[in-house]
Amino acid sequence: MFVVRKAKASDSAAICKICGEDLGYTCGIELVQSKMKKLDDSREIVFIAEINNMVVGFVHAEKYDVLYYDTMVNILGLAVAEEYRHKGIGSLLLKAVEQWSEEKNIHFVRLNSGTTRVEAHKFYRTNGYRDDKEQKRFIKRPAMKSQP
């Protein structure tokens, strides 16, 4: 049986492993630990799914405010270890975020998913999410000014 609970700092290594193996984002455990310590409980949450005390999935969400739309909850990351997919774990993680959203009196949950992640898109649609637009992501690393 799977259990969904709020993540703890001690889950950092497992989250880091899932990020690398299942999302393709190589990161160090120290980075994940640092980010977990900096979580702002008033506006963000991480839930993990575990079986037999082993972390097999996680979801990270935040309160998301823009000037042109009602407050939403934004899912920043959702991943389930490959060998545990298609067992309802991802749906349980989404439900945990949706419940957290309700507790915060926020009525919209949003997420972005890469255009090539066709299976993920099917999963989100099956869970009641609808795709409303396609986007391109642009990113730039500003030049750092040297210190005097």
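**Entry 1: Asp-131 and Arg-125**

I began with Asp-131, which counts as exposed at 53% relative accessibility. My cut-offs for relative accessible area are under 20% for buried, over 50% for exposed and partly exposed in between, with a 1.4 Å probe and protein chains only. Asp-131 forms a salt bridge with Arg-125, and their closest N and O atoms are 3.0 Å apart. For a salt bridge I require a side-chain nitrogen of Lys or Arg within 4 Å of a carboxyl oxygen of Asp or Glu. Arg-125 is partly exposed, at 43% relative accessibility.

I note the ground rules here. The model is predicted, so local features need pLDDT of at least 70 and side-chain atom pairs count only at pLDDT 80 or more, while totals for chains, interfaces and linings use all residues. Residues are numbered from 1 along each chain as its sequence is written, and side-chain values use heavy atoms, with hydrogens and water left out.

**Entry 2: other salt bridges**

How many salt bridges does the structure hold? I find 8. One of them joins Arg-5 to Glu-50, with the closest N and O atoms 3.2 Å apart. Arg-5 is in strand β1 (residues 3–6) and Glu-50 in strand β2 (residues 44–51), so this pair ties together parts that are 45 residues apart in sequence. I take helices (H or I, at least four residues) and strands (E, at least two) as DSSP runs, numbered from the N terminus.

Are Arg-5 and Glu-50 buried or exposed? Both are buried. I also find Asp-11 linked with Arg-5 and Glu-50 in a network of salt bridges.

Next I looked at Glu-44, whose side chain meets that of Arg-43 in a salt bridge at 3.9 Å, N to O. Glu-44 is buried, with a relative accessible area of 11%, whereas Arg-43 is partly exposed at 30%.

**Entry 3: aromatic rings**

I searched the whole structure for aromatic pairs and got 4. In the pair Tyr-124 and Tyr-129, the ring centres are 6.4 Å apart and the planes stand at 70°, so I log it as edge-to-face. Rings of Phe, Tyr and Trp (its six-membered ring) pair if their centres lie within 6.5 Å; planes under 30 degrees apart count as stacked, over 60 as edge-to-face and the rest as tilted. Tyr-124 and Tyr-129 are both buried. Together with Phe-123 they form one aromatic cluster.

**Entry 4: helix α1 and the cysteines**

Which residues of helix α1 (residues 12–23) are buried? I list Ser-12, Ile-15, Cys-16, Ile-18, Cys-19 and Asp-22. An α-helix has 3.6 residues a turn, so residues three or four places apart point the same way. The cover over the buried residues of α1 includes α2 (29–37), β2, β3 and β4. Just after α1, Gly-24 has a positive phi of about 80°.

I then checked Cys-19, which is buried at 12% relative accessible area. Leaving out residues up to four places away in sequence, Cys-19 touches Gly-24, Tyr-25, Cys-27 and Phe-58, where contact means heavy atoms within 4.5 Å.

How many disulfides does the count come to? I get 0, with a disulfide taken as a pair of cysteine sulfur atoms within 2.5 Å. For Cys-19 the closest cysteine sulfur is in Cys-27, 4.7 Å away, too far for a bond. Cys-27 is in no disulfide either, and its nearest cysteine sulfur is that of Cys-16, 3.4 Å away. Cys-27 is partly exposed, with a relative accessible area of 23%.

**Entry 5: loops and positive phi**

I looked for positive phi in residues other than glycine and noted His-86, near 65°. His-86 lies in the loop between β4 and α3 (89–103) and is exposed, at 80% relative accessibility. Asn-105 also has a positive phi, near 60°. Asn-105 sits in the loop between α3 and β5 (109–111), and I log it as exposed at 57%.

My last stop was Leu-67, in the loop between β3 (54–66) and β4 (69–80). Leu-67 counts as exposed, at 90% relative accessibility.
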